[in-house]
Amino acid sequence: MSNIALKVNGRSHTVDVEPSTPLLYVLRNDLGLQGPRFGCGLGQCGACAVIINGIATRSCITPVSSVRAEVTTLEGLATGGTLHPLQQAWIDEQVPACGFCQNGQIMTAKALLDKNPHPTDAQIREGMARTLCRCMTYYRVQAAIRRVAKGVA
Amino acid sequence: MIPSRRDFLQTSGWLLVGVGAAAVTGPLTANAQTAGLPRQSAPGATAGPYPDPDFKQLDSWIVIRPDNTATFSVGKTDCGQGTGTAFRQMMADELDIAYDKTTCVMGSTDVTVDQGGSGGSDAIQVDGWPMRRVAAEARRVLLEMASVTFGVPVDQLSVREAVITVTADPSKHVTYGELIGGKRFSVTLTGANIDATTGAAKVKPVQDLKIVGQSPQRYDIPAKVDGSLKWAVDAKLPGMVHARNVKPPVAGATLVSIDESSVRRLPGFIKVVSKGNYVAVVCEREEQAIAAAKQLKVSWQKPTTPPFPASEDLFTYMRSATPTSSQRPNIVGDPDAALAAAVTVVEADYDVPFQGHTAFAPAHAMADPSNGQMTIYSNDMKSYGMRNGVATFLNMPRDRVRVVWMEGPQGYGRTAADDAGFEAAYIAKEIGRPVRVQWMRNEETAWDTKGPAFAVKMRGGLDAQGNLVALEYDARAADYNHVGYNEPETVLIAQLMGVRKATPAAGSAATPSHMYSIPNQRITAHVVGLPMIWETPVRTGNLRDPNGPQSTFAAESFIDEVAAAAKADPAAFRMKLLTASTADDSGFKRARSIAVIKAAVDAYGWDARPSPKPRGAGAGEILTGRGLAYSFRGQTVVAEIAEVEVNRRTGRVWVKRLVCAHDCGLVINPEALRRTIEGGMLHSISRALHEEVQFDTEKVTSVDWTSHPSLTHADTPEKIDVVLVNGDPNPKRPDLPHYGAGETTCKPMIAAVANAIYDATGVRLRRVPFRAARVLAALKEAGV
């Protein structure tokens with residue numbers, strides 16, 4: 001075990017864990033941030049997504065010791081009690097079914113829109129293609145992303 | 001003992017403000033309540049035992065608080081369809097209270113009556129009725145109390161939004177909260193069983209329901225998008241440790257020895273727990289348990305005979321196996337004579353492989369053995385069954401076991417056979433500490449319960465006028481020893497420990513569900529078993545409309561094949577079969593079948609013509625076509641149209657557009673229903689295009705999202721139209737029933753996609769899934 005410093009959602013933390021520990025378990029079990037969730041542990045589904053350096057990162061395959069920049073989790077999207085426009089669009093569009101994957105959907109969509117605020121439908125499909133949902137809410141996820149993209153216009 | 005009001009509130013599924021501090025160290029800390037959600041149970045507030053809530057007491061169903069709000073306790077679980085919201089709508093309507101003054105508690109065994117949890121899409125259809133009746137009864141009792149308060153008869157009182165007013169003197173009014181808040185109803189209900197629970201009050205006519213039919217937003221969604229919801233995966237207690245299973249490397253392997261020294265020095269190691277062929281490693285931290293389970297050295301003895309044929313040989317095996325059981329044939333008319341006399345006979349075989357639940361997150365649960373009780377924090381869709389099963393499995397009295405239901409990844413039947421809850425409880429009892437168990441991805445995809453594979457043979461006969469005069473359906477389902485609901489004899493941990501049911505479940509093979517009038521029919525169905533039926537990863541359980549997609553793929557593909565042989569438009573051909581009879585059942589399924597097909601065809605803008613679509617000489621790389629299929633499940637009827645693009649060069653199929661006409665009777669929440677329909681259709685498209693459990697003769701080789709692909713954003717249709725139909729011949733009747741929704745949508749979609757591919761290409765695909773390589777091979781073979 002060793003002490004590792006992390007900045008998450010604007011707060012600094014030091015955790016005493018094995019350096020190879022996936023970031024996901026540190027966020028969930030040490031920092032109590034349970035927006036990111038375990039889905040596959042293989043970086044295939046996106047349930048564990050967090051944003052690091054503007055990139056939607058699979059925290060289940062990211063060793064905690066490799067994290068060099070601030071981590072943003074789902075809990076860190078709202079500012080001053082106001083939901084992020086994507087979160088609001090998710091409610092307006094009533095996107096989630098069970099909702100378990102929606103952390104990955106929202107975080108991946110945020111990284112996508114931060115980079116490209118006005119994606120085409122094809123770019124949305126491509127940008128979201130590796131973020132899975134087994135309730136198959138894709139149609140509404142894409143509609144919610146378009147809502148925000150239009151709102152920003 | 002009659003509990004005090006304070007105890008009563010604490011055990012009724014929600015906590016008074018201030019009492020909530022009792023849960024600060026509980027697993028639901030900062031739970032959904034902060035986001036406006038009800039507390040699902042009261043961890044730490046009661047140390048047990050946990051007797052069953054009495055369904056004959058109105059207080060078990062409804063609590064009204066002094067602030068004039070109500071909490072409804074519902075013994076169902078919500079797998080993401082918004083059933084909790086729908087129950088609130090129905091009950092608020094009957095009680096006459098504003099929707100936003102209500103909350104709903106679901107699924108925890110100590111605070112809600114055992115309504116079975118979820119399954120069969122029956123929450124609204126079956127449980128909606130007792131919930132409406134108990135809410136109506138509460139309203140009746142409150143009116144009687146107000147009658148005493150004001151000294152006027154009930155018929156001179158009016159109610160609006162939980163305020164009762166003397167009609168003749170509106171200055172005299174009282175709220176529900178003032179009448180009953182802080183007190184028990186102490187009203188006894190009647191009914192032979194929970195589903196039949198009723199008071200003296202009658203439910204309202206449909207025309208008087210004001211909240212039903214509206215679309216309030218689902219109450220559970222805000223906490224799911226801001227990260228505040230505490231899910232079953234988040235359950236945490238002080239002193240909690242983590243366990244991971246070590247599964248046999250090949251099916252049917254016998255444990256020889258465990259070398260505990262291989263993990264003893266690992267950080268956080270606590271114990272190896274093992275009995276029979278069940279092995280788990282317990283560590284302080286989650287990542288430690290994962291590492292230790294990977295590193296533990298276990299010697300296994302392989303079985304002497306293969307447990308199953310390889311998946312590529314499955315259908316040959318199924319067609320030659322001796323059935324373990326056969327349904328009595330359903331024979332109408334004289335199918336042999338009719339087929340012999342037919343001008344055209346069409347024959348076809350259809351194959352559907354095993355398909356997994358492959359839940360988005362693997363099985364998980366946390367169990368707490370404190371105080372001589374066993375509390376399991378679980379997303380089990382049938383939490384009540386888990387409580388009973390675990391009590392038997394651990395040989396504990398039922399009232400010392402409770403399941404606190406929390407949300408989890410989908411349902412679809414997987415959590416009705418909830419292995420992780422049993423495992424967590426077993427390990428917690430062994431080590432005397434709260435234990436969290438979660439399966440790994442490869443474990444879940446390989447070892448979860450599977451929807452049975454089907455091999456179906458069909459024959460049909462047409463007369464000279466192109467009428468379908470004979471139909472034969474003969475199905476074989478690989479479903480022997482179908483896993484039960486949380487049975488202590490069939491959950492995987494029990495199987496691995498050597499428990500065997502005296503008589504394995506017979507399993508079942510579905511037959512078509514349509515209302516076609518065909519004068520001569522032979523409908524037969526058989527179950528076959530794989531060589532190994534215990535401790536196998538290829539074990540069948542209920543997967544979303546358990547056998548419907550398989551049987552309907554065959555039946556509704558075949559109707560299209562026969563229509564093509566008759567050179568008839570597939571929609572008109574179906575309508576002719578439906579209108580050939582005037583007989584109908586009490587649910588008007590024939591009339592409603594006609595109504596949904598008409599509605600789907602209209603919404604799509606159906607171009608009536610035979611399939612396949614004529615292809616011009618200049619056809620390019622992309623071929624397009626449309627396919628229709630229809631089915632009912634229970635009393636719910638759907639017709640679905642898929643429009644596809646088939647890429648001739650790659651074999652890729654894209655379902656570009658979908659239409660669903662859906663009749664489930666009275667609709668409670670149209671917007672939530674639309675989303676349920678959309679998701680159900682896309683799940684079936686995933687099964688149509690991608691999903692198959694593959695295995696060699698030792699083990700399942702589909703173990704992750706690469707080896708077991710699923711539909712993705714890239715596959716999503718461009719446009720989905722959902723038409724909510726009320727095809728009841730008397731659509732305005734005051735007792736219009738509310739039928740189930742969800743699984744019916746899954747039923748015809750695979751056939752609709754196959755029919756659309758045929759329309760586009762003239763190539764008939766009879767083997768699911770229609771992965772690009774299989775489609776390309778079929779196109780090449782046909783010279784398309």
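View 1. Residues are numbered from 1 along each chain as its sequence is written, and chains are lettered from A in the order in which they are written. In this predicted model, local features need pLDDT of at least 70 and side-chain atom pairs count only at pLDDT 80 or more, whereas totals for chains, interfaces and linings use all residues.

**View 2. Overall dimensions and burial of chain A.** Along the principal axes, the C-alpha atoms fill a box of roughly 45 × 30 × 25 Å. Of the 153 residues, 55% count as buried, meaning that 20 or more other C-beta atoms, placed from the backbone, lie within 10 Å of the residue's own.

**View 3. The two domains of chain A.** An automatic or database domain assignment gives domain 1 (2-76) and domain 2 (85-152). Their centres, taken over C-alpha atoms, are separated by 21 Å.

**View 4. The side of domain 1 of chain A that touches domain 2 of chain A.** Here 14 residues of domain 1 are in contact with 14 residues of domain 2, a contact being two residues whose C-beta atoms, placed from the backbone, lie within 7 Å. On the domain 1 side, strand S3 (49-52) and strand S4 (55-58) of chain A are the elements that give two or more residues. S3(A) gives the most, with three residues.

How values were computed: Buried ≥ 20, exposed ≤ 12 C-beta atoms within 10 Å, placed from the backbone. Helix = DSSP H or I, 4+ residues; strand = E, 2+ residues; numbered from the N terminus.
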